[in-house]
Structure formats: C-alpha cells, structure tokens
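Reader: I would like to go through this model and ask what each term rests on. Please set the values against the definitions.

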Amino acid sequence: MKNKISWLAAPYVIWMALIVVAPIIMVVIYAFTTAQGGITLDNFARMGTYTVIFTRSFQLALVATIICLLLGYPLAYVMAKEGPGFQRIAMVLIMLPMWVNFLLRTYAWMAILENNGILNNFFEAIGLFDLINGIFGTDLTYFRMIRTQGAVVLGMVYNYLPFMVLPIYSVIIKLDHSLLEAARDLGANSALVFRKVIFPLSLPGVLSGVTMVFVPSVSTFAISRMLGGNNQMLLGNLIEQQFLGGAYNPYLGSAIALVMMVIVIVCMVVMNHFGEGEEQAVML
Amino acid sequence: MSKELIRLSNCTMAFDGEVVLDGINLYINDKEFLTLLGPSGCGKTTTLRIIGGFQTPTSGDVFFDGVRINSVPPHKRAVNTVFQKYALFPHLNVYENIAFGLRLAKTDKDGKRYKLSEKEIDQRVMEMLEVVNLRGFEKRHISQLSGGQQQRVAIARALVNRPKVLLLDEPLGALDLKLRKDMQNELKRIQQAMEITFIYVTHDQEEALAMSDTVVVMDAGKIQQIGTPEDIYNEPKNAFVADFIGESNILDGIMREDGVVEIFNRKFKCLDSGFEKDEPVDVVIRPEDVDIVPENEGQLKGTVTSVTFKGVHYDTIVDFYGFKWLIQTTDFCPVDSRIGIKIDPDGIHVMKKSHYSGMFGDYSSYSEEYEEISDASIDPEEEEQEDENEE
Ligand SMILES: Nc1ncnc2c1ncn2[C@@H]1O[C@H](COP(=O)(O)OP(=O)(O)OP(=O)(O)O)[C@@H](O)[C@H]1O
Ligand SMILES: [Mg+2]
C-alpha cells in the first residue's frame, strides 16, 4: 500500500477476503475432492448428466437478457430524451418494485399466474374461455401459465429489467449534447445521429446492463422454483439440491458451480473485449 | 464586389421571455472573413447557432443565398461548424472523424441520393489531413491528441465537406498564446486558399482585428458597430466599442463647431464634423496618440501617478483635473512629475453620446497602488482655477 489513506480500505479488503475469496477457494477445493478427502476429477465427469439443465439455464438467461435489452434500451433512451418530469416519474416506476422484497414480488407473480390465479379468473370473468371454447370447440378452463419456461423468463425480466435500464440511461443522459449537434451539422438526420453516434457511445451501458441481467438470471434458483416448478429446473436449483436438498453432495455441487462460474466469466470477458474500444471512448 | 450570402433580418431571440438577441440586422458576403466580437454572454454563440440552424429566431428571418431558411434543419444547410469544445466523436479515430460527413448519403441537385465512393472519401480525407498538417495521425484515437491537434481535426472534419460557410465558435479558446498565433495564421491561410466564408466568434479583440475582413462588435444582444478592423479601431461608434477595442481614454466633451471640440474647458482641433453646435459628446483618445511634452508647452497639464514598464513602452497614468488618463509612451516620466500633453487632431475621435457614456474611460481603478495616491492628490477644483488664470 502506497500511502496511509489506503489503509482505510482495509476493512473492505478483509471483508472481501472472508466472504468472497475464501468461499471461492473452498468451492474450488471441494470441486476437486471426494467425500473421503482424495483428489478427483469424478465430479466433473458426472457433469454430462446435467447438460440439459446447463443448456436450459443459459438459454433462458439469454432470452431474458435479450428481452430486457429490447424493452430496456428504448425505455432508457426515451427517459434520457424526455424532460425531467417524465424522467422522475419513469424512475420512480422503475424503482418502486425494487422497494418490495424480491421473494414477495415473485410470490405475487405466482398468485397472478396460477391456474386459478388472478389472470385466469379475469379471463373467465370476461368470458374469454367461453368465447374460445365456442369457436374451437375446446374445453378450456384456464391457460397454463405458471410452471412454464415463459413464466421463468417473465420472472427474470420483471426482476432484472431495472438493471438493464439504469446503466443505459445513465450513459445516454451523460452524452455530450454537442456531439449530437456536430453529427447533425455534418449532415446526419435523426436516425443517423442515433445509429452513428448515440448507439455506439451507449454500448458501455449496454454491456454493463447485459452483465447485470445475465449473471443473476443464469444462477437464479428462486424464480425457477416458484414460477417454473419441478420440470423447469435450472442450474441454481441443481446446485441448491446438492448443498441443501435430498441429493446432498457438496462436492458435485461445487463442481457444477465452478463450471458455471467459468462459463459466465468467459462470456463476460469475450463481451467486454468486444466493447473495449467504446469503453475507452466513454472515459474521455 | 462580392455578393451577399447570408442575411439576418431583424432577428430576435428570447429564452423564456428573456431577450438575448435584439433586432440583429447583418449581412455576410461570399468569401468574407467576418468576426462576431463581444464580451461573454452578449449573444455571439446564439447568433452562430441561428445561422447553423440549431436555433430558430423568435422573430425575424434568416436568408441564405436569397432563400429564407428559418425552418431548414442543420443537416440540410450548406454550413458546417467548428464547435467551441471541438465535439469530436470519441468512438472514432482521426480518419473516421474527418470522414464522418463524407460517409453520409448526399442528395444531388436533382434530389437523387448518392454515396461517395470509398476511394473519393479516402482522397478527400488525406487531402484535408495535409491541409491541417496532421498526416500520419489518421489512426490515432481522439484522446491521444493534444488540444491543438484536436482543434485541427475539428476544422478538417468541417472543411472536408466543402461547405459554403464555416462557422467557428471561439476555436482557439483553449490554446496557449504561441499556438493561438500560429493557428490564427493557419486559419486565415486556409480561408483564403479554399475561398470559404468564415464566420468567426471570439471575445479576443486582438484576434478579431488581426484576422477579419469585417468585425461585428456586439454587446447585450445588440450590434454596436460593423466595420473593417481599421474602422472599428479608429472610428468607434460609441464608448462601448472604444473601450472594448484597445485601450482608450473616454472623456466628456462639447462640440463647439465642426472641427473643434472642447475638453476640460480647453478647445481642441479635431477632424470630426456633423454635430449640433454645443452638442455634448464622448471623446476618445487612444493612449498611443498622446505626446508628452514639457509642462509649459502642453495643451493640458497633469501629474504622473503611476508608471508600469510594458516592454515596448511605459503605461503612464496621468491625473488631469481628477480624471485619470492612460498614456503609452517610450519616454520615462517619474511618478509625481508634472507633465504637459499634446494631441494631434487625428488623435481625437468624437462620438455621439449613448447609454454607455460615462461608464468607461477613467483609469482611476487601473491599479490598487493608485487608489492610495489619489487621496493625497491636489484638489482638482483648486488646480482648475489655477489653469483658468493662466489662460
Ligand atoms: N438555451 C438557452 N436557454 C436560456 N438562455 C440561454 C440559452 N442559450 C443562451 N442563453 C443566454 O443567452 C445569452 C447569450 O448567450 P451566448 O451563448 O450567445 O453568449 P456568448 O456571446 O456566446 O458568450 P460566451 O463568450 O461566454 O460564449 C446568455 O445570457 C445566455 O445565458
Ligand atoms: Mg459562446
């Protein structure tokens, strides 16, 4: 440490060492050992069994991230362009759900999506099922919404959308207005100003938004358990089972966690490399 | 005779009811170097933005080549801008910054859309890099350039589009004195070589005088004077212009008849005419137009109160009957010495009274040091009487 002031960071460094670094080291050790204490690669060899779950986890997280991006970017853009009044209202609406506990929010979705939940009751009340049954001759009494992949993705989008909107918004709002004027001055119409200046300069925001949505989505277990049921098991649930559930096997759980971590890190590194030029640009 | 290219006709601009440009009438000729000069907040940038299309005047009209362009958006005007803080695109390198305008689709005279070929773009960018002396920098990132280099990229980025008019908003503001002088020459050279109309904004009066064909002096949203640099310096229209352009002593006078003005109850020959008889006027005397002579030969007599060595000359503050003049002279006159002065008729400039009268021209506050001496000075009344006796 170069100077005295850096000692102020000591509590944080110790904290990090205890609750971030130490667990990671333990995960690595567990992943390579057996219950008897011997070193082994068996835990990784068993990974093939779970390919389906790996694929599903990454797929759903990817879909959720893309939806968040498609919804979040325009929202962030409009917010940054509109007057302060609109900005305040939009910001409160985005932040409001975050003041309610994550689990409560997800429980609320369960109540909405259940087979005899709020949404299906509503469809019933407006006579939607009667109408459909009348036309197609079916025997529909509810839409199956809960315990589907769609419900899991919905839960991810709903919970993580703010993490996409906020970084993009904060990058766009800080864009130097004279750059936009310069582009117009050089002959670009509004669409070209967006494509050639605003979008490339907002990429750092997009990158951090994508990271902040993708990483928690890929490792979630609460959303998938509550909205996905048993047939939509994700990596998070699989790992949870190895540590807390009936399939108790922390060695295997650690190995799965480690593989997941490595894949996520590789994804992030590749993506950040791709956006490196822009990252540098924004620091100007 | 060059032809008129841009005309601002009675342009007024108000933000939330606050008037920042007040009835601007201005025309700009083709291939002219015109400078908007004035103190901070006088409306220079706003005027430029109206011409560039970034702002629409609250009332009044803008004409380009005889066509009213009030509602033509910036990207459809044959005008390019060098922004006050360059506004270079940080995500593009030098080459791509300059090529930005060229890569956009153009519309030809018949309204057909077309794009420049990669080869033509390359040729024009390279040619421009040559002009601004940045060959070899094309791959550089904007953040890896010095202020002066960034500024040249900004100029190249605008010029490469071959606009009819280039707008420059204090483009040299961030540069040090030496680089500033170099760039002034450079810009003037480019303007003449490429035969483009330049509308240049600055609050540096030396820069304005050195570079321009026409200077427009502005204050408080109004044009105070339009003229050649010589006109503006030698024949200021009012006390504001006289004070803003160079140093000047501005005195109250009375025009007794054509060619005769009375200052401090003393008649002076001058070259001005066309005033009412006995009209109160402002009189401007430039510090370098005053000759110091022995006390008994002077048209006015006063006491030296402060001397500052300025290299080429001494800035000498002299008290004449309680009014402090700045005189620039190569003769050293010690503090407290009594001197006389002589002024040639062409060193006296008479101006109509304006609401600026009485606001400028007294050098009493020229230095802190002076304040103390002023208290101890001779009572002006007393001295005035003494002078009258002599007469
Ligand atoms: N968008 C705006 N909204 C409100 N007031 C504005 C706006 N733009 C400019 N003004 C006001 O108009 C006046 C003139 O501004 P302008 O930028 O034209 O001055 P300037 O002569 O360029 O000054 P400087 O030399 O400091 O750049 C200022 O009082 C400024 O506060
Ligand atoms: Mg300005």
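Reader: How many bridges join strand 19 of chain B to strand 20 of chain B, and do they run parallel or antiparallel?

Author: Seven bridges join strand 19 (residues 314–320) to strand 20 of chain B, and the two run antiparallel. Two strands pair if DSSP finds at least two bridges between them, so the seven found here meet the definition. In this arrangement Tyr314(B) stands opposite Thr329(B) of strand 20 of chain B. The model is predicted: local features need pLDDT of at least 70, side-chain atom pairs count only at pLDDT 80 or more, and totals for chains, interfaces and linings use all residues. Residues are numbered from 1 along each chain as its sequence is written, chains are lettered from A and ligands numbered from 1 in the order in which they are written, and side-chain values use heavy atoms, with hydrogens and water left out.

Reader: What makes strand 17 and strand 20 of chain B edge strands?

Author: Strand 17 (290–293) and strand 20 (323–329) of chain B each pair on one side only. They belong to an open sheet of five strands in chain B, with the order 17-21-18-19-20 and antiparallel pairing. Strands here are DSSP runs of E with at least two residues, and helices are runs of H or I with at least four, numbered from the N terminus.

Reader: Which order do the six strands of the other open sheet in chain B take?

Author: The order is 6-9-10-3-11-12 in chain B, and the pairing is mixed. The edges are strand 6 (79–82) and strand 12 (222–227) of chain B. Neighbouring strands of this sheet are turned by 20 degrees against each other on average, direction ignored; axes are lines fitted to C-alpha atoms, for helices over the stretch in contact, and angles run from 0 to 180 degrees between N-to-C directions.

Reader: In which sense do strand 9 and strand 10 of chain B pair?

Author: Strand 9 (residues 165–169) and strand 10 (residues 197–202) of chain B pair in the parallel sense over five bridges. Val165(B) has Thr197(B) in strand 10 of chain B as its bridge partner. Helix 4 (residues 147–159) of chain B packs on the sheet, touching strand 6 and strand 9 of chain B. Contact means heavy atoms within 4.5 Å.

Reader: How many helices and strands are there in chain A?

Author: Chain A has 14 helices and zero strands.

Reader: What area is buried between chain A and chain B?

Author: About 2000 Å² is buried between chain A and chain B, with carbon and sulfur atoms giving 67%. Buried area is the accessible area (1.4 Å probe) that two parts lose on being put together, summed over both. The contact takes 19 residues from chain A and 22 residues from chain B.

Reader: Why is the pair Glu181(A) and Arg49(B) called a salt bridge?

Author: A salt bridge is a side-chain nitrogen of Lys or Arg within 4 Å of a carboxyl oxygen of Asp or Glu. The side chains of Glu181(A) and Arg49(B) meet at 2.8 Å, N to O, so the pair qualifies. The count between chain A and chain B is one salt bridge.

Reader: Why does this pair join two chains?

Author: Arg49(B) lies in helix 1 (residues 44–52) of chain B and Glu181(A) in helix 9 of chain A, so the pair joins two chains. Helix 9 of chain A gives the most to the side of chain A that touches chain B, with seven residues.
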